[in-house]
Amino acid sequence: MRIHHLNCGTDCPLGGGLFDGRSVALTGHLVCHCLLVETDAHGLVLVDTGYGLRDVAHPHRGPHPRITRFMRGMLNIQLREAETAVRQIERLGFRAEDVRHIVLTHLDFDHAGGLEDFPRASVHLLQAEYDAATGPRRSFVARNRYRPSQFDEVRDWRGYGALGEPWFGFGAVRELAGLPPEILLVPLPGHTWGHAGVAIDRGDRWLLHAGDAYFYRGEMRQAQRHCTPGLRGYQTMMEVSREQRLRNQERLRALSVEQAGRVSVLCAHDAVELERCVAGAPL
Ligand SMILES: [Zn+2]
């Protein structure tokens, strides 16, 4: 299986290095790290979708905008058609219809925006995430993060329970309908109730897309957690369970240290991790 690392969205929050740990400018640089997997027999598989064509065309239109002005302003979201998954996939020589499956870490607006650009795809996620995003959204954060106008045209949802087989000490859902056994969902709740990582067996090692289970490269691959104040604050604001979020992040950190030779852990929004993946460099 060939894996492409795509940036399907750019956020430039005020605060610069206080968010991304390296910018000297006033604004920082966060990405939406998605994976495009070329499988032998199952077509193209997309892991997360970033922002989509309709987000770029009309982010705030109508009574139910796809992205709220609050989130747009806080993250200083840059919406660029060239960065949408569908345009990048076309540049690679494929068509939108070639994407047969989308596996989601969760349904936040910065991960679900491209779903409707792939009308032929089945969308796989934890059922708890589907329920949280489509049920009553009572809190301010829930109303801002889940934007049903981004996914109300999806026809083929595949929701899974969180019970599963052991995978490096985590529970994992191995049987995703229509997908090869090398692609697993690894429940990692805390950021949202149905948040999950997506693990891909590359033969010699595993790749684990941990979504928003952590946000900053310094939170993995070392015994002590290091995170910028901006991303600490954002994670706290967006969490649904601090206890579950911090426990799962701790388990991921241990995995990234103890299984460094067998598992590569990456998150959705760290630009340095994405650069290293694109360059084929170690994380
Ligand atoms: Zn996110």
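Where does glutamate 219 have its place in this chain? I shall answer that in a moment, after a word on the model.

What we have here is a predicted model, in which local features need pLDDT of at least 70 and side-chain atom pairs count only at pLDDT 80 or more, whereas totals for chains, interfaces and linings use all residues. Residues are numbered from 1 along each chain as its sequence is written, and side-chain values use heavy atoms, with hydrogens and water left out.

To the opening question, then. Glutamate 219 sits in the loop between S12 and helix H8 (229–238); helices here are DSSP runs of H or I with at least four residues, strands are runs of E with at least two, and both are numbered from the N terminus. Its relative accessible area is 0%, so glutamate 219 is buried, the term meaning under 20% relative accessible area, with exposed over 50% and partly exposed in between, for a 1.4 Å probe and protein chains only. A polar atom of the glutamate 219 side chain lies 2.8 Å from the backbone nitrogen of phenylalanine 215.

Let me turn to the zinc ion. Its protein donors are Asp110 (OD), His111 (NE2), Asp212 (OD) and His269 (NE2), at 2.1 to 2.4 Å. Donors are N, O and S atoms within 2.8 Å of the metal (3.2 Å for Na, K and Ca); water is not among the atoms, so sites may look incomplete. In sequence, the spacing of the donor residues reads D-H-x100-D-x56-H. Histidine 111 belongs to helix H5 (residues 109–112), while histidine 269 lies in the loop between strand S13 (263–266) and helix H10 (271–279); the pair is 158 residues apart and links distant parts of the chain. Both histidine 111 and histidine 269 are buried.

Why is the arrangement around the zinc ion irregular? The four donor atoms subtend angles of 85 to 157°, and therefore the arrangement is irregular. For reference, four donors count as tetrahedral if all angles lie between 85 and 135 degrees; four count as square planar and six as octahedral if opposite donors are over 155 degrees apart and all others between 65 and 115; anything else is irregular.

The side chain of histidine 195 reaches the backbone nitrogen of aspartate 212 at 2.9 Å. Histidine 195 is placed in the loop between strand S10 (183–187) and strand S11 (196–201), and counts as buried because its relative accessibility is 0%.

Finally, the sheet that contains these strands. It is an open sheet of four strands in the order S10-S11-S12-S13, with mixed pairing; two strands pair if DSSP finds at least two bridges between them. S10 and S13 are the edge strands, each pairing on one side only. Strand S12 (residues 206–209) runs parallel to S13, joined to it by four bridges. Within S13, leucine 266 stands opposite histidine 209.

Methods
A polar contact is a pair of N or O atoms within 3.5 Å; within protein, one must be able to donate a hydrogen and the other to accept it, and residues adjacent in sequence count only if both atoms are side-chain atoms.
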